[in-house]
Structure formats: structure tokens, C-alpha cells
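Please look over the sequence and the 3D model shown here. The report below walks through the sheet, then the helices, then the cores.

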Amino acid sequence: MPDSKLELLKQIAHGLAAQFGNDCEVVIHDLSKNSVEDSIVYIENGQVTGRAVGEGLSGVVLKAIQHPDTPMTDHLAYLSKTASRHILRCSTLYINDDSGKPHYILSINYDITNLLALENSIHYLTGTQPKETDSSSAEPGTVPIDVNSLLDELINQADLSVGVPAPLMNREEKIRAIQFLNEAGAFLITKAGDRIAEHFGISKYTLYNYVNINK
């Protein structure tokens, strides 16, 4: 007898994929199989992650199987990265059985790599440079440009130079971005170290170690 809940999930998955196009992968995992290797029972646009029905290898499935009696909370709009370094915006929804335990997982994985590149291009085309100011006409005690905005722009350029958002950068990518900032003179800005360390999710000690690598 067909599982009505699974059939409904398949209908929803098909509709989501049709709505958002080929970059939107929608996956249904069956936790009752109690396996991380073949949990996928339905998938749309599997080319996004290179998976198919009968496969699995998902951290969310592993967590649910390891903790079958623990209530699972949906995890929405988080970033992930594929083996080919495409950036995904993901949501994971746990579908419970009648006893309240997770039975299915509905995963939505949207490849936003091209959108990020487009966003960066638009930002480059629409951004403006600070207006040049004659220092002789500036008011006493004023600064010709907003140093905070300047630092934000330099950090954005550092991210673009690597091509990966800071939360997804590995150690080597963070080193490249931070050395880009050093060469651009970002550390000459007061308290820039605090802001940069926070952006890359590292300590100031690690930050200055990265600055001095290969020197």
C-alpha cells in the first residue's frame, strides 16, 4: 500500500523543483531504512550534488539515525558547499511519524554560486568611490572619507579575490584574503584587526599569524 505521506512529499518536491529550476535540488530521505548509505528515496535535480535515488551520505541523516529518540529541529537557510566547491543555500525539514519521531527528511539545496557571482558583478558596477575632497577646505576635525565604509569595502574585495564567502573559507583561503587586506593597507585603519578577525571567525592571534606567514 502506498505511503500517503511519502507521496505527498514527492508531490511537494516536484513542485519546488519546477518552481525554482534546475539549480534547486530537492531530496527525500527515508529514516526508517536506518541507513546513511541508501536513505534517498526521491530526488529532483540530483546533478546539483551528484546524488541519486538509493544513495545517501548525508550528515543530517547520520545525526537523525544516531539520535532516534531526540526531537529534531528544522534547520533553515544555511550555507553548505559541494565537493566541486559550489555554494548551496539549504533547508532541512524533519517529517515526523505518528509517534512524533522523524521518519522522513525533506532537504532543499539551492545552488547560489552563479547568483553570488552576479551579485558581486552588480555591486562592482553600481558601487561608488568616495568623492575626492580638498583637504584645505575640510572642516577642522573632520575626516574626508568614512573609514568604516572603506574597511567594509576592502573586506568585500578580499572576499571577492578568493571567490568564497568568509563562513565557507578554509584556512588557506582565509590566509589569502587576509594577506590581500594587509597589502591593501587595511590594518592601517584603527581597530581594523578586531573587525577583520570577527569577519573571518578567528582570533586576533591567529589573524596576525596569517598576516606574517611567508614573511
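## Terms and model

Two strands pair if DSSP finds at least two bridges between them. Strands (E, at least two residues) and helices (H or I, at least four) are DSSP runs, numbered from the N terminus.

This is a predicted model, in which local features need pLDDT of at least 70, side-chain atom pairs count only at pLDDT 80 or more, and totals for chains, interfaces and linings use all residues. Residues are numbered from 1 along each chain as its sequence is written, and side-chain values use heavy atoms, with hydrogens and water left out.

## The sheet

Five strands form an open sheet in the order E2-E1-E5-E4-E3, with antiparallel pairing. Strands E2 (40-44) and E3 (75-81) are its edges, and each pairs on one side only. On average, neighbouring strands are turned by 20° against each other, direction ignored. Axes are lines fitted to C-alpha atoms, for helices over the stretch in contact; angles run from 0 to 180 degrees between N-to-C directions.

Strands E4 (residues 87-96) and E5 (residues 102-111) run antiparallel and are joined by nine bridges. Ile95 has Tyr104 of E5 as its bridge partner. Four bridges link E1 to E2, also antiparallel. Val27 stands opposite Ile43 in E2.

## Two crossing helices

Helix H6 (residues 192-200) packs against helix H7 (residues 204-212) at about 95°, and their axes lie 9 Å apart. H6 and H7 are therefore roughly perpendicular (65 to 115 degrees). H6 brings Gly193, Asp194, Ile196 and Ala197 to the contact (heavy atoms within 4.5 Å), while H7 brings Lys204, Leu207 and Tyr208. Four of these contact residues are nonpolar, one is polar and two are charged. Here Ala, Val, Leu, Ile, Met, Phe, Trp, Tyr, Cys and Pro count as nonpolar, Asp, Glu, Lys and Arg as charged, and the others, Gly among them, as polar.

## The cores

A nonpolar core is a set of buried Ala, Val, Leu, Ile, Met, Phe, Trp, Tyr and Cys residues joined through side-chain atoms within 4.5 Å. The largest has 25 residues; Leu151, Ile178, Leu181, Ile196, Phe200 and Ile202 touch the most other members. Helices H4 (147-162), H5 (171-183), H6 and H7 each supply at least two residues. H4 gives the largest share, five residues.

A second, separate core has 11 residues, including Val61, Ala64, Leu88 and Tyr94.

Note on methods. Angles under 35 degrees count as roughly parallel, over 145 as roughly antiparallel, 65 to 115 as roughly perpendicular and the rest as oblique. Buried means under 20% relative accessible area, exposed over 50%, partly exposed in between (1.4 Å probe, protein chains only).
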